[in-house]
Structure formats: C-alpha cells, structure tokens
Amino acid sequence: MTPSTPPTQPVLRVTRLGDRAKQTLMTSDRFRVIALFTRSMYLANDAGDLVCVLDASLENGPLHLLVDGWPDGGGGLVRDGDRFVRDGTHLLSPTLTLDWTDATVWTPPAYPPVIRETTAAGLDRLLDIAAATVPDETVAATLLFSRPEPKDSLGATLLRKVRDGLHELDDFLTDTEPTGALPAPTSLLGLGPGLTPTGDDILAGIFLASRAVGADSVVTTMTAALRHRIADGTNAISAAHLDAAMDGEANAVFHAVLFHTLNGGDGLKPIVARLHAIGHSSGWDGLLGMLWALRRFIIP
C-alpha cells in the first residue's frame, strides 16, 4: 500500500539494494538508527540485523541501500536513535521516507572455474598493480611488498599482531588432528582501530577468496570456529559485514577484484583503484586477506 506521509516530508529513492538488506527489510517492521556518518547511516532491526543506507555514488554490497541524493550527515533529516517503521516497500520516520519500490537487487557475481595457469597470471597482474598503488602506511604494504615497517608504536604493534594472527590461522588450518589440537584462531577478530578493524577486514577477504576458489572445507572449518564468536569479538557493524563475508558476500569491489583475477587479470587496474574509497584502509586490508588465501590455496 502507499504510505500516508506529510506532503512536505522528503522521500529518498533507493536505486539498488543488497540481497541480504532486502531480506532484512522484508522480515522486519521496526528499525533504529545506530550510527550516522557523512555519507551513510546504519539501521538495526529489533533482532540486531543491520542495513546500511548510503549515497548511490558508492558501491553495491550485501547490506547496502543506495539512495539518490543522500544529504551529508543526513542533512538534519536523521539523528542517532531515530526510529523507522516499515510500510510495504517504504521505511518511514517522522522526518524522512525511504522508498525501495523500484530498486534493483544486487547479488555477487558467479565466479569462473579456477584454472591454475589463468589464476596465476591474474595474481601476478594483481600484485603488480597493487604494488604501484597501495599506500605505504597500510599493513598490506609491509606484508605484501616489504615496505618499511611503521615507526610509531601503535602501527608496529598492529603489524606484529596481524603477523601473529595470520600465523595462528595458518597453523589452525594446517592442524589435522581430528579432535582439534589448536584453539580457534580468534586473534584477528576485532584487531585494530576503525569501524571495520584491520583484522576483521583481513578475515573477510580470506572468506571471500576461499569461497571464490572452491576451498569449501576451509570455509566450513573457519566459519564453525569463528561465527559464534564474532558478536563478542568485534563491534556490531563490523560483525555484520564479517558475517556476510562468511557467506561469500561483501563490497562489490572485492568481488570484482576476485572475478578479474580468476579470469587472468585483464581490467584490474581501475578496479584496484577503487579500493582507496573503502574505509581508511579496509580496501587494502581486505585485499591482503584475499591474496593470503589465493596464495595459500591456489598458488603456494
């Protein structure tokens, strides 16, 4: 049905939304603003499931509702804690309506079959492009390309803990004891500053690449070890993105990087450039995780 809204109330049209976001919207009646940023906001339903409303100039993703004309910081139309109720394909607050009636639903692409020689060529191409693009201050720059280690104590500590966390994960996946001799590899969970911490972004990249290359047993093992721990191991927003990555869904840029890498690397340069726009360093942290998985499972 058509919602009854005051004639002066702004209506923002949702042009695209992720499949997980649509499922959350269609199975929930009430939402609350839990975080408001310059170009986006996060809504949570009563069960704690999240969707992210953001400007249509940004990327597709499983949790995303991309709207035309999102005002910076909500433009005074939204505040932290505001409530929305669902009316059909509309979300209504006292000051704003979000309408996804005509939105297209985004889903990740189907990946090509893994051919070792093709993937090797794509991986070489990806590494060449990333080496010329990655910011020196990122963990990825040091671990992938041997750039100088950070001199500040916080950066040095983060780098050391990421190294230790990846070693822990490698040992965990190498362990063949049927009883599981090693504890769950939780060191990367919630590791680092930011909305989506470095460790979570690395794990997300590992999950995505592992699924893309058909390492299903690895995904199953890691998911069993970590999924029930993420709620207490990191913040709610990062946990929602990591949960989606466990199921093989994330920001569309990561999927594009994987797709073109598995296809031999053509067209990667402009896609890798888009990693800069994903968080402070989340794009590069996710790439680090993907490359870790590709090297481990496809081209040791």
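This is a predicted model: local features need pLDDT of at least 70, side-chain atom pairs count only at pLDDT 80 or more; totals for chains, interfaces and linings use all residues.
Two helix pairs get a close look: α5 with α11, and α4 with α6. The structure also holds two aromatic pairs, and one of them joins tryptophan 292 to phenylalanine 297.

**Helices α5 and α11**

- Helix α5 covers residues 198-212 and helix α11 covers residues 282-297; their axes lie 7 Å apart, at an angle of about 45 degrees.
- That angle makes α5 oblique to α11, and the crossing of the two is right-handed.
- On the α5 side, the contact is made by Thr198, Asp201, Ile202, Gly205, Ile206, Ala209 and Ser210.
- On the α11 side, the contributors include Ser282, Asp285, Gly286, Leu288, Gly289 and Met290, and also Trp292, Ala293, Leu294 and Phe297.
- Sorted by class, this contact has nine nonpolar, six polar and two charged residues.

**Leucine 294, a residue of that contact**

- Leucine 294 sits in helix α11 and is among the residues that α11 brings to its contact with α5.
- Leucine 294 has a relative accessible area of 3%, so it counts as buried, the cut-off being under 20%.
- Glutamine 9 is 285 residues from leucine 294 along the chain, and their C-alpha atoms are separated by 49 Å.

**Helices α4 and α6**

- Helix α4 (residues 153-174) and helix α6 (residues 216-226) have axes that come within 11 Å and cross at roughly 115 degrees.
- Here too the crossing is described as right-handed.
- Leu169, Phe172 and Leu173 of α4 meet Val218, Thr221, Met222 and Ala225 of α6.
- The residues of this contact divide into six nonpolar, one polar and no charged.

**Aromatic pairs**

- Tryptophan 292 and phenylalanine 297 form another edge-to-face pair, with centres 6.4 Å apart and planes at 90 degrees.
- Tryptophan 292 has 16% relative accessibility and therefore counts as buried, while phenylalanine 297, at 21%, counts as partly exposed.

**Threonine 24**

- Threonine 24 is placed in helix α1, which spans residues 19-26.
- With a relative accessibility of 11%, threonine 24 counts as buried.
- Leaving out residues up to four places away in sequence, threonine 24 touches Phe31, Asn45, Asp49, Leu50 and Val51.

**Proline 148**

- Proline 148 lies in the loop between α3 (139-145) and α4.
- Proline 148 counts as exposed because its relative accessibility is 65%, and exposed means over 50%.
- The C-alpha atom of proline 148 is separated by 7.9 Å from that of aspartate 136, a residue 12 residues apart from it along the chain.

Technical notes: Residues are numbered from 1 along each chain as its sequence is written. Side-chain values use heavy atoms; hydrogens and water are left out. Helices (H or I, at least four residues) and strands (E, at least two) are DSSP runs, numbered from the N terminus. Buried means under 20% relative accessible area, exposed over 50%, partly exposed in between (1.4 Å probe, protein chains only). Contact means heavy atoms within 4.5 Å. Axes are lines fitted to C-alpha atoms, for helices over the stretch in contact, and angles run from 0 to 180 degrees between N-to-C directions. Angles under 35 degrees count as roughly parallel, over 145 as roughly antiparallel, 65 to 115 as roughly perpendicular and the rest as oblique. A crossing is left-handed if the near helix is turned anticlockwise from the far one by less than a right angle, and right-handed if clockwise. Ala, Val, Leu, Ile, Met, Phe, Trp, Tyr, Cys and Pro count as nonpolar, Asp, Glu, Lys and Arg as charged, and the others, Gly among them, as polar. Rings of Phe, Tyr and Trp (its six-membered ring) pair if their centres lie within 6.5 Å; planes under 30 degrees apart count as stacked, over 60 as edge-to-face and the rest as tilted.
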